[in-house]
Amino acid sequence: MMANVSAHDAPARPRAALSARGLSKSFGNFQAVKDVDIDIRHGRIHALIGPNGAGKSTVFNLLTKFLQPSAGKIMYGETDITRMDPAHVARLGVARSFQISATFGDMSLVDNVCVALQRPNGLAVQFWRPLSSLTRLRPRAMDLLDRVGLADMADHRAADLSYGRKRALEIATTLALDPRVLLLDEPLAGMGQEDVETMAGLIADVARDCAVLMVEHNISVVADIGHDITVLQRGEILSQGGYAKVSADPRVREAYMGTEDDD
Ligand SMILES: Nc1ncnc2c1ncn2[C@@H]1O[C@H](COP(=O)(O)OP(=O)(O)OP(=O)(O)O)[C@@H](O)[C@H]1O
């Protein structure tokens, strides 16, 4: 029987591209993440927020398999990835943003993206391939640079970029993996207001063709571009839903402000 879903509702609740159930992680006797359920959906930005030490990075690392869960299940579409290694998961289409240190400062922007395009799984660079063999990748690399607003700087050295532009380059190198799920760990950290706005626009654009999870402290950006929000506190889900719902939740207000009555 067909479900009674309107045309408007259908794209708003696509099936989860990446989901976890009962996700838990202990370090020795300390339980850093407890029983987390999360669904990251195609075409939507899922923001993972919470006070310092809430467990956001641990969840991020569990979902990308850089950490093994103590309990729970992680599904990538119909595939159980709970016990897969990070390289395998990356090959399937789950990409995490790379740190700036992973870009090659002496190389041009376009060569950085070409190198990313020939990575088999986003984790290893094949240094034995001569740079000249990357030339055929240049048109695709230019498209990616254009997408992140860096096409006019394609031949500049990566090391000469401003901080905000390095992060945009990092997004281009991550998009080179053609991910179906993109996980971003504090993509706006350390940026000035102008770069924050550019990057927020870029993330919103990227999310039109994939599922995005971002760990983020900048609540006004989360309010602007986040479709689904999970608030963690002491490793557990405190609240989950759209911004209007979670921001009105007295427990969230208390966690962030120390008192329910503050504005
Ligand atoms: N490898 C580890 N060994 C022991 N404890 C850890 C380890 N990694 C994280 N923790 C602890 O787990 C808890 C959650 O840490 P996590 O880094 O996930 O929090 P977070 O929400 O990302 O914090 P922040 O916003 O400060 O980055 C913290 O109490 C932290 O000290």
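**Contacts, burial and pairing in a predicted model**

Me: What does Ala211 touch, leaving out residues up to four places away in sequence?
Reply: Ala211 touches Ala17, Leu18, Ile40, Arg41, His42, Arg44, Arg180 and Val181. The model is predicted. Each of these counts as a contact because the C-beta atoms lie within 7 Å.

Me: Where does Ala211 sit?
Reply: Ala211 belongs to strand β8, residues 211–215.

Me: Why is Ala211 called buried?
Reply: The cut-off is 20 or more other C-beta atoms within 10 Å. Ala211 has 25, so it counts as buried.

Me: How far is Ala211 from Val181, C-alpha to C-alpha?
Reply: The separation is 4.7 Å. Along the chain, Ala211 and Val181 are 30 residues apart.

Me: What makes Ile45 buried?
Reply: Ile45 has 26 other C-beta atoms within 10 Å. The threshold is 20, so Ile45 is buried.

Me: Which strand holds Ile45, and what does Ile45 contact beyond four places in sequence?
Reply: Ile45 lies in strand β3, residues 45–49. Its contacts are Ile203, Ala204, Ala207, Val212, Met214, Ile225, Gly226 and His227.

Me: How far apart are the C-alpha atoms of Ile45 and Ala90?
Reply: They are separated by 19 Å. Ile45 and Ala90 are 45 residues apart along the chain.

Me: Why is helix α4 described as largely enclosed?
Reply: Helix α4 spans residues 109–117. Nine of its nine residues are buried, so α4 is largely enclosed by the rest of the structure. Among the buried residues are Leu109, Asp111, Asn112 and Leu117.

Me: What covers the buried residues of α4?
Reply: The cover includes α5 (138–147) and α6 (163–175).

Me: How do you know that strand β1 pairs with β2?
Reply: Pairing needs at least two bridges. Eight bridges join β1 (residues 16–27) to β2, so the two pair. They run antiparallel. Ala16, for one, has Arg41 as its bridge partner in β2.

Me: What is found in the hairpin of β1 and β2?
Reply: Two residues lie between the strands. Gly28 takes a positive phi near 60°.

Me: What makes β1 and β4 a pair?
Reply: Five bridges link β1 to strand β4, residues 71–76. At least two are needed, so the strands pair. The sense is antiparallel. Leu18 stands opposite Tyr76 in β4.

Me: Which residues surround the ligand?
Reply: The shell is Phe27, Phe30, Ala32, Gly50, Asn52, Gly53, Ala54, Gly55, Lys56, Ser57 and Thr58.

Me: Which element gives the most to the shell around the ligand?
Reply: α2 does, with three residues. β2 (30–41) and α2 (56–63) each supply at least two.

Me: How do the shell residues divide by class?
Reply: Four are nonpolar, six are polar and one is charged. Gly counts as polar here.

Me: How does the domain assignment divide the protein?
Reply: Domain 1 is 14–93 + 179–263, and domain 2 is 100–178. Their contact takes 15 residues from domain 1 and 14 residues from domain 2.

Me: Which element gives the largest share of the side of domain 1 that touches domain 2?
Reply: On that side, α3 (86–92) and α7 (193–206) each supply at least two residues. The largest share, five residues, comes from α7. By class, the side of domain 1 that touches domain 2 has ten nonpolar, three polar and two charged residues.

Terms used:
Residues are numbered from 1 along each chain as its sequence is written. This is a predicted model: local features need pLDDT of at least 70, side-chain atom pairs count only at pLDDT 80 or more; totals for chains, interfaces and linings use all residues. A residue is near a molecule or strand if its C-beta atom, placed from the backbone, lies within 6 Å of it. A residue is buried if 20 or more other C-beta atoms lie within 10 Å of its own, exposed if 12 or fewer, and partly exposed in between; C-beta atoms are placed from the backbone. Two residues are in contact if their C-beta atoms, placed from the backbone, lie within 7 Å. Domain bounds come from an automatic or database domain assignment.
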